[in-house]
Amino acid sequence: MYPEMHIWDNQLRIKCCCDVLRVQLRREYDFLMYQAINKDMRKEIKRILR
């Protein structure tokens, strides 16, 4: 079974075969979100400081 991931009401919903995979996918999602937010924040700070 392939995992299904959806975002509803600003929450990530993961449907998959087991809790171990769900936890791993959640960690990867959190890491990618952190990277994206960090990148956006750095751009905004640079723009403000110009």
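Begin by selecting Lys15, which lies in strand 2; here helices (H or I, at least four residues) and strands (E, at least two) are DSSP runs, numbered from the N terminus. This is a predicted model, in which local features need pLDDT of at least 70 and side-chain atom pairs count only at pLDDT 80 or more, whereas totals for chains, interfaces and linings use all residues. Residues are numbered from 1 along each chain as its sequence is written, and side-chain values use heavy atoms, with hydrogens and water left out.

With Lys15 still selected, display its surroundings. Which residues does Lys15 touch, not counting residues up to four places away in sequence? They are Met1, Tyr2, Pro3 and Glu4, where contact means heavy atoms within 4.5 Å. Tyr2 is 13 residues from Lys15 along the chain, and their C-alpha atoms are separated by 8.7 Å.

Next, select the loop between strand 1 (4–8) and strand 2 (11–15), where Asp9 is found. Asn10 has its place in the loop between these strands as well. Most residues other than glycine have a negative phi. Asp9, however, has a positive phi, near 50 degrees, and Asn10, although not a glycine, has a positive phi of about 60 degrees. Asp9 counts as exposed because its relative accessibility is 70%; exposed means over 50% relative accessible area, buried under 20%, and partly exposed in between (1.4 Å probe, protein chains only). Asn10 is likewise exposed, with a relative accessible area of 77%.

How many disulfides does a search of the whole structure find? The search finds 0, a disulfide being a pair of cysteine sulfur atoms within 2.5 Å. For Cys16, the closest cysteine sulfur is that of Cys17, at 5.5 Å, so the two are too far apart for a bond. Cys17 is in no disulfide either, and its nearest cysteine sulfur, in Cys18, is 3.8 Å away. Cys16 is buried, with a relative accessible area of 9%, whereas Cys17 counts as exposed at 53%.

Proceed to helix 1 (residues 19–49), and select Met33 within it. Met33 counts as partly exposed because its relative accessibility is 36%.

From Glu28 to Arg47, 19 residues apart in sequence, the C-alpha to C-alpha distance is 29 Å.

Finally, select the whole protein chain, whose elements run β-β-α from the N terminus on. Its radius of gyration (taken over C-alpha atoms) is 15 Å, well over the 10 Å that the globule rule gives for 50 residues, so the chain is more spread out than a compact globule; that rule is 2.2 Å times the number of residues to the power 0.38. Along the principal axes, the C-alpha atoms fill a box of roughly 50 × 20 × 15 Å. Buried residues make up 8% of the 50 residues.
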